[in-house]
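Me: I would like to go through some of the labels attached to this model and see what each one rests on. Please set the value against the cut-off each time.

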Amino acid sequence: MTIIFLTLMILIINILLVILLNLISKKSFSDREKSSPFECGFDPKNPARLPFSLQFFLIAVIFLIFDVEITLLFPLIMTLNISNIFNYMMITSFFIMILIIGLFHEWNQGALDWMY
């Protein structure tokens with residue numbers, strides 16, 4: 001019986017806190033600076049279906065690719081002491097060569113060129 005009572009009390013306290021926070025957090029006025037975009041590049045007052053810059057998209061994709069590949073380098077660093085140095089150098093060189101080839105490919109395709 002006490003478990004049901006405690007569960008009911010916890011539920012009531014949670015509901016009261018949610019109601020209280022919803023009442024407190026309501027904004028009473030709209031400020032122009034508060035509703036303006038901050039470093040996102042989108043104006044909230046324009047329609048949402050306007051196209052955005054392709055250069056911004058390409059740079060974001062390149063950042064994500066290289067960010068993921070940098071996280072793949074960490075296990076190579078951690079296994080340096082326990083692996084064969086020749087195999088380690090071959091795998092690391094191959095991995096970095098793929099990164100450099102990808103970077104040159106993006107450069108030749110014009111994804112990194114900001115001037116038209």
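Me: Why does Thr-92 count as buried?

Reply: The model is a predicted one. Buried means under 20% relative accessible area; Thr-92 has 14% relative accessibility, so Thr-92 counts as buried. Thr-92 is found in helix α3.

Me: What makes the pair formed by the side chain of Thr-92 and the backbone oxygen of Tyr-88 a polar contact?

Reply: The cut-off for such a pair of N or O atoms is 3.5 Å. A polar atom of the Thr-92 side chain lies 2.7 Å from the backbone oxygen of Tyr-88, so the distance is within that limit.

Me: Which residues does Leu-103 contact, leaving aside neighbours within four places in sequence?

Reply: Phe-66 and Leu-112 are in contact with Leu-103.

Me: How do you know that the length of α2 agrees with its number of residues?

Reply: Helix α2 has 25 residues (54–78), and at 1.5 Å a residue they should span 36 Å; the end C-alpha atoms are 37 Å apart, which agrees.

Me: What does UniProt place at residues 85–105?

Reply: The unreviewed UniProt entry places a "transmembrane region" there. In the model, residues 85–105 are 100% helix and 0% strand.

Technical notes
Residues numbered from 1 in each chain as written. Predicted model: local features only at pLDDT ≥ 70, side-chain atom pairs only at ≥ 80, totals over all residues. Heavy atoms only, no water. Helix = DSSP H or I, 4+ residues; strand = E, 2+ residues; numbered from the N terminus. Expected span 1.5 Å × (residues − 1). UniProt positions renumbered as here; feature names shortened; annotations may be inferred. Buried < 20%, exposed > 50% of the residue type's maximum accessible area, 1.4 Å probe, protein only. Polar contact = N/O pair within 3.5 Å; in protein donor to acceptor, adjacent residues only side chain to side chain. Contact = heavy atoms within 4.5 Å.
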